[in-house]
Amino acid sequence: MKERYESFPPCPPPVVTGPFMDQFIPLTSLEQMSSTEYDVLVVGTGGGGGAAIWRLCQQLKGTGKKIGVVEAGPIMLQTHSYNLPTVAQNFSNYYYNPKITKPIGLTMPDLRDSRQAIALGGKTLFWDMVTPRMPPSQIAETPVPYNEMQTYYNIAEQIMKVNKPDAYDSPLSRILLNRFWENGVPEAEITPRAINFEPVNYGGVNPTVYFSSISFLAGGLEARPFDLAVQARAVQLLGDHGRIAGVKVMTPDKKPYILRAKNIILSAGIFETVRLLLYSGVQGRALGHYLIGHSYMIFSTVINRRDLPATLGPLYLLIPQTADRPYQMQIYRRQNEMLEQKGELGIGFSGYGKVESRYENRLYLHPHLKDEYGVPLLQADFSFSEKDRAIMARMAQDIHQYAAAIGGRVAPPDPCLHTLDHVAGVCRMGIDPANSGTDPYGQIHGVPGLYVADASVLPPYGAVNPTLTIAALAIRTADHIAGQM
Ligand SMILES: Cc1cc2nc3c(=O)[nH]c(=O)nc-3n(C[C@H](O)[C@H](O)[C@H](O)COP(=O)(O)OP(=O)(O)OC[C@H]3O[C@@H](n4cnc5c(N)ncnc54)[C@H](O)[C@@H]3O)c2cc1C
């Protein structure tokens with residue numbers, strides 16, 4: 001036996017084409033980054049930052065331009081939390097753990113999306129991946145032309161693998177969708193989500209199922225390298241003769257570094273982006289103002305379980321915002337064994353109402369309290385307007401029509417309101433510096449080279465979930481910057 005083995009030539013060693021990786025993603029030290037002047041430096045790696053980094057890498061492939069990225073948080077998870085069974089099963093216990101996410105300020109309602117997830121990937125490690133587009137009537141309220149918005153939605157949906165998958169085409173989804181269509185709600189649809197249902201490519205690279213910004217970063221690295229430092233918190237912007245010149249960054253043990261850059265994209269999420277801008281003394285009447293989001297209402301309905309087949313499958317339906325409907329409803333199955341024993345099935349409706357963009361709703365710096373980095377804490381002033389409340393009242397009225405359309409009725413518990421979800425808009429894009437923080441490409445009015453690409457730059461975006469629009473606009477901003485070069 002021994003002799004036969006020895007008669008074969010030895011196999012060649014594995015091929016290694018680049019430097020060895022010692023992390024799941026290549027990292028660069030802040031020391032090294034402080035000796036480079038970047039063409040573009042991105043602050044934050046969540047929904048907006050990830051999309052901007054991906055697009056910059058595509059557009060600046062083979063150019064020798066230098067791209068740097070700083071992320072305040074650590075590598076907490078390497079993929080969306082739903083891709084990790086132990087976290088997915090205990091989602092709330094994990095997400096609300098103060099070591100994982102924190103509420104902001106002293107006056108902001110403590111909601112899922114008004115917490116901060118300071119980590120590589122930001123809140124996209126936890127999001128629900130619901131990705132509708134703004135309807136045409138809503139796009140008309142933004143400074144972006146309709147056709148351009150559609151182009152960037154196409155690009156964002158392609159990279160994020162947005163679809164209305166057949167896998168949802170379960171008996172329950174199909175039956176309820178047809179009931180909606182036949183009973184006066186023809187716009188009801190399967191919920192678009194950023195979930196990759198393509199079969200695993202055995203032998204090739206496995207795609208992740210649930211999309212997070214980590215996939216944006218991977219897509220960027222596939223095109224070209226960029227320098228990334230984690231646990232590197234941007235604390236102050238630095239200018240030179242009215243232009244952006246760099247940013248001061250600190251490590252968790254408060255060691256400061258100055259990073260130089262010709263262009264900076266702030267994608268630190270709505271709270272941190274506006275805090276950085278205000279603390280750095282960037283001027284603008286609209287900065288911190290026009291805070292928007294959604295009034296978020298939850299309704300319960302029941303339908304007859306006995307009319308339905310034994311196997312139901314999942315339920316993800318959407319009644320979208322339209323020109324006449326200033327809200328959207330997400331429809332899902334509520335697990336309730338007591339109801340099922342009575343021969344009923346619980347169906348939940350999450351209503352997202354449009355909120356007016358008003359100057360007086362704002363984020364601002366606390367006059368005295370500071371964080372451990374010496375940066376003032378953020379506070380919020382927010383109230384709903386008469387118009388916002390009329391939309392909530394309409395949701396509470398229309399739910400009876402939707403329940404009837406699927407052959408059911410509204411049931412206890414009574415509807416409840418979670419104030420302001422999907423917060424956005426405090427640095428909104430627009431033409432007039434008197435009522436917008438950036439120009440229509442996300443550049444801060446009057447500060448060449450300083451851009452914003454995250455939820456804070458959203459113009460009035462209606463009742464749709466924000467992240468697809470955040471990503472589409474971030475990609476457009478990256479194209480604009482690459483075009484300027
Ligand atoms: C549980 C949950 C479910 C959701 N479901 C949906 C959904 O189905 N559909 C949808 O459209 N939206 C959903 N959202 C909202 C969505 O996650 C956010 O709208 C989106 O992630 C916002 O992107 P962003 O870039 O503005 O911020 P983030 O994704 O929060 O990214 C900000 C990044 O900046 C980093 N950072 C912060 N401060 C600094 C600093 N000083 N220096 C350097 N880096 C910094 C953070 O660590 C983070 O990486 C959900 C949110 C949550 C929490």
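Predicted model: local features only at pLDDT ≥ 70, side-chain atom pairs only at ≥ 80, totals over all residues.
Residues are numbered from 1 along each chain as its sequence is written.

**View 1. The shell around the ligand.** Among the 38 residues around the ligand, Gly44, Gly46, Gly47, Gly122 and Asp128 come nearest, where a residue counts as near if its C-beta atom, placed from the backbone, lies within 6 Å. At least two shell residues come from each of α3 (47-59), β9 (233-240), α10 (269-279) and α13 (467-484), with helices (H or I, at least four residues) and strands (E, at least two) being DSSP runs numbered from the N terminus.

**View 2. The packing of α3 with α9.** Helix α9 (residues 213-223) packs with α3 at an angle of about 15°, and their axes are 8 Å apart; axes are lines fitted to C-alpha atoms over the stretch in contact, and angles run from 0 to 180 degrees between N-to-C directions. Among the residues that meet are Trp54 and Cys57 in α3 and Phe216 and Leu217 in α9, contact requiring C-beta atoms, placed from the backbone, within 7 Å.

**View 3. The crossing of α3 with α13.** The axes of α3 and α13 come within 8 Å and cross at roughly 35°. Residues of α3 including Arg55 and Leu56 meet residues of α13 including Ile470 and Asp479.

Technical notes:
Contact = placed C-beta atoms within 7 Å.
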